[in-house]
Amino acid sequence: MVNGSNLDLPGADIDVNGLRIAESGLNEFCSQIFGHLLRVDQRRCACAYLSAILTTPGKKSIRRLARAVSASSAAAQSLRQFVNGSPWNWQPARHELASWAQGHGPVAAWSIGRAFLPKRGERSVGVHRHYDPFSNRTVNSQLGYGAFLAVGAAHIPVEWELSLPGPWSADAQLRRRARIPDDERGRPTGGHVLGLVDSLAARMKPAPVVADLSDEPDVGPLIEGLGQRGHDFVIAVPPHLQVRCRDRLASRRTGSAAEEPYRLFARAGSDGDPDQAWITNLPRCRLREAVRLAAVSRGTSTAVSAMARWFGLLDFEGRSFPGWHHHMTLVSAAYAFGRLGPLGDACRNLGSEIASDSASRALCPGL
């Protein structure tokens, strides 16, 4: 059972590496995002965990986070139980996080990001040998797919899916040990992307879908699935993708039998040759918008990197399926507060100092 009585909630204000943030802002944020939790001790743990993520420098292990919010020797066990063992539902928190993010401005795109979480050993849920295109290495890791809302210059993660390759889909003992729900099975990348898109579409106004899948061998089913669902999209595709001169999809705007072509465009590299190819179903009159949306994927990759470097994305063992989703939800909430909450405001007030001072950049990750 979670026991949050030995954890300290934020006081009059909290110190985030030298930036003073009023505690009322974080408490109000926690109340909105985690207000669905039925027990007071769970809500207390959630807010203490976020406060610890924001205030603990360096590696954010459970023990280090616990020391940031309590002098009690039992604090680490309380946080570990809350994240990995407590059966709270993470979906309402993600729904509230998306609603909170939308309150900060219009959503320009739904951007899909991937997070590679290196792991030692074979016991972390979903762990497998994955090729990480960012490091150009094959590593033992978990692979998460995230849906991000592009709000202004911020990219806010509001939904996650975990890849379950090989035995994690078929081995009953592994699944039972990791507490994987019966309806969770391994899927290709396109299946995860469509799952994320369907989750967002069920609760918010649609926005163009943006994803860099230039290293994925088969994006055809994803493109077809997005078109069938009526979503605008801008997808980076692999250079070997075969297309006909006029690939088409049935028109969804008129409801008629008319057809509209996909449009393929490329970004020029430093040598002037095509660097990256993108495919979109936006009409010719919106091609400039498609080019602008393509740049969104870089912001999402930056957000994932910032979450890994400053918000503890990589610092949880994550052996159980619920524990992984709890961790990703808490880190996402902390990152959202850091980008769009009072901390983000304080960082923006530093102005040009961020660009010229490495310490300021460390205080204001992702800006």
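I began with Cys285, which is exposed, with a relative accessible area of 71%. I note here that the model is predicted.

Next I looked up Cys45. Buried or exposed, I asked of Cys45? Cys45 counts as buried because its relative accessibility is 0%, and the cut-off for buried is under 20%.

With cysteines on the page, I turned to disulfides. A disulfide is a covalent bond between the sulfur atoms of two cysteines. I searched the whole structure for disulfides and the count came to zero.

Then I moved to the rings. How many aromatic pairs does a search of the whole structure find? The search gives eight. I wrote up two of them.

Phe29 and Phe337 make a tilted aromatic pair, with 5.2 Å from centre to centre and 50 degrees between the planes. I checked where the two residues sit: Phe29 is in helix H1 (residues 23–34) and Phe337 is in helix H12 (residues 321–340). They are 308 residues apart, so I recorded this pair as a link between distant parts of the chain. Phe29 and Phe337 are both buried.

The other entry is Phe233 with Tyr262. Their ring centres are 6.0 Å apart and their planes stand at 55 degrees, so I put this pair down as tilted. Phe233 belongs to strand S8 (residues 233–237), while Tyr262 is in the loop between strand S10 (259–261) and strand S11 (263–268). The pair therefore ties together parts that are 29 residues apart in sequence. I found both Phe233 and Tyr262 buried.

Last, I looked for a cluster of rings. Ring pairs link Trp100 with Phe29 and Phe337 into one.

Conventions: Residues numbered from 1 in each chain as written. Predicted model: local features only at pLDDT ≥ 70, side-chain atom pairs only at ≥ 80, totals over all residues. Heavy atoms only, no water. Phe/Tyr/Trp six-rings, centres within 6.5 Å; stacked < 30°, edge-to-face > 60°. Helix = DSSP H or I, 4+ residues; strand = E, 2+ residues; numbered from the N terminus. Buried < 20%, exposed > 50% of the residue type's maximum accessible area, 1.4 Å probe, protein only. Disulfide = S-S within 2.5 Å.
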